[in-house]
Amino acid sequence: MTTERPNKIECFREEYRFLSNFWPAEVRFEGIAYPTVEHAYQAAKTLDIKEREWFAALPRPGKAKIAAGKRPIRIDWPEVRVGIMTELVRKKFTRHADLAAKLLATGDAEIIEGNAWGDTFWGVCEGVGENNLGRVLMAIRAEIRAAE
């Protein structure tokens, strides 16, 4: 019996939940350990180390996302956010072999961060969006495959 791989992964649910930045997988960013990519990404919006440590200690990634929306963002954020996300997602999948294997198991499927909350920068909502997170995931998958 063979398992068919999908041509397209359109949301990060069920067997593809691990693609989410909310998935528990410790990453280190600039000397601080975070429980998820989401925690680290939201913390990176500030350059204040104490603030970043505070983000790292939050109990859930959703709390980090909400908290970041209520704080001032570093002035260079629009220019650095994709690079930071790429670095964090790379760390997630290169430091956790089980997650790397799952990412590779997606084959050549197009990965789309489909969402219902209106994020058209990182994902796609109602058919509209840049899907930058999906692009990052596919690039990291290609890097891991090339390194094997």
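**Burial, packing and overall form**

Me: Leaving aside its neighbours within four places in sequence, which residues is Ser20 in contact with?
Reply: In this predicted model, Ser20 is in contact with Phe12 and Lys92, once neighbours within four places in sequence are set aside. Ser20 itself lies in the loop between β1 (8–9) and β2.

Me: What makes Phe29 count as buried or exposed?
Reply: Phe29 has 2% relative accessibility.

Me: Which residues of helix α5 are buried?
Reply: In α5 (residues 97–104), the buried residues are Leu99, Ala100, Leu103 and Leu104.

Me: How do you know where they sit around the axis of α5?
Reply: They cover an arc of only 140° around the axis, and therefore lie on the same side of α5. An α-helix has 3.6 residues a turn, so residues three or four places apart point the same way. The buried residues of α5 pack against α4 (77–94), β4 (110–111) and α6 (132–147).

Me: How do you know whether the radius of gyration of the protein chain agrees or disagrees with that of a compact globule?
Reply: For 148 residues, a compact globule would have a radius of gyration near 15 Å; the protein chain has 15 Å, so the two agree. Its C-alpha atoms fill a box of roughly 50 × 35 × 25 Å along the principal axes.

Me: What share of the residues in the protein chain is buried?
Reply: Of the 148 residues, 45% are buried. The chain exposes about 8400 Å², of which carbon and sulfur atoms supply 53%.

Me: Which elements make up the protein chain from the N terminus on?
Reply: The elements run β-β-β-α-α-α-α-α-β-α, giving 6 helices and 4 strands. Among contacts between residues at least 6 apart in sequence, 53% join residues at least 24 apart.

Key
Residues are numbered from 1 along each chain as its sequence is written. This is a predicted model: local features need pLDDT of at least 70, side-chain atom pairs count only at pLDDT 80 or more; totals for chains, interfaces and linings use all residues. Side-chain values use heavy atoms; hydrogens and water are left out. Helices (H or I, at least four residues) and strands (E, at least two) are DSSP runs, numbered from the N terminus. The radius of gyration is taken over C-alpha atoms; the globule rule is 2.2 Å times the number of residues to the power 0.38. Buried means under 20% relative accessible area, exposed over 50%, partly exposed in between (1.4 Å probe, protein chains only). Contact means heavy atoms within 4.5 Å. Accessible areas come from the Shrake-Rupley method with a 1.4 Å probe; for residues, only the protein chains shown count as cover. The arc is that of the directions from the helix axis to the C-beta atoms.
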